[in-house]
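Please read them with the structure open.

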Amino acid sequence: MSAVLVLDIEETTLARLKDRADAHRRSVEAEARSILLEALQSPTAKAWAGAKAFRESLAATGRAFSDSAELLREDRER
């Protein structure tokens, strides 16, 4: 695996990185990798990930949702 060395990071930035790593229960290095991966992820992948998370949150409610295609079809037939 490759390595990247980042020099001259401001103390406040490093402190914020450490706080964020602690909040996510990761090492500073793992948090930095996560931030880079997120920042470099394609916009399409981010959109699909957001949609997936939204669908999962709806599924977790246990509610049933109707098929929107059927609702649109009914509306057009009026």
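1. Arg-20 and Glu-31 form a salt bridge, with 2.6 Å between their closest N and O atoms. The term means a side-chain nitrogen of Lys or Arg within 4 Å of a carboxyl oxygen of Asp or Glu. Because Arg-20 lies in helix H1 and Glu-31 in helix H2, this pair ties together parts that are 11 residues apart in sequence. Helices here are DSSP runs (H or I, at least four residues), numbered from the N terminus.

2. On the basis of the values: this is a predicted model, in which local features need pLDDT of at least 70 and side-chain atom pairs count only at pLDDT 80 or more, while totals for chains, interfaces and linings use all residues. Residues are numbered from 1 along each chain as its sequence is written, and side-chain values use heavy atoms, with hydrogens and water left out.

3. Are the two partners in point 1 buried or exposed? Glu-31 is buried, at a relative accessible area of 0%, whereas Arg-20 is partly exposed at 34%. Buried stands for under 20% relative accessible area, exposed for over 50%, and partly exposed for what lies in between (1.4 Å probe, protein chains only).

4. Arg-20 also forms a salt bridge with Glu-38, where the closest N and O atoms are 4.0 Å apart. This pair links distant parts of the chain, with Glu-38 in helix H2 and Arg-20 in helix H1, 18 residues apart. Glu-38 counts as partly exposed, at 46% relative accessibility.

5. Glu-31 has a further partner in Arg-26, their closest N and O atoms being 2.8 Å apart in a salt bridge. Arg-26 is partly exposed, with a relative accessible area of 35%. Through shared partners, salt bridges join Arg-20, Arg-26, Glu-31 and Glu-38 into one network. The structure holds four salt bridges.

6. The largest pocket contains about 600 Å³ of space. Of its 15 lining residues, Val-4, Val-6, Ala-32, Arg-33 and Leu-36 are the closest to its centre. A pocket is found on a 1 Å grid over the protein atoms alone, as an open set of points where a 1.4 Å probe fits, with protein on both sides within 12 Å along at least five of seven lines; lining residues have an atom within 4 Å of a point. The volume is the space filled by probe spheres set on the points, which are joined across faces, edges and corners.

7. Which helix gives the largest share of the lining of the largest pocket? H2 does, with six residues. H1 (11-23) and H2 (28-40) each supply at least two residues of that lining.

8. Val-6 lies in the segment before helix H1 and is exposed, with a relative accessible area of 56%. Together with Val-4 and Ile-9, Val-6 forms a nonpolar patch on the surface, with about 290 Å² of accessible area. Such a patch joins nonpolar side chains (Val, Leu, Ile, Met, Phe, Trp, Tyr) within 5 Å, from residues with over 30% relative accessible area and no salt bridge. Accessible areas come from the Shrake-Rupley method with a 1.4 Å probe.

Methods. Patches are made of residues with over 30% relative accessible area and no salt bridge: like charges are joined within 9 Å, nonpolar side chains (Val, Leu, Ile, Met, Phe, Trp, Tyr) within 5 Å.
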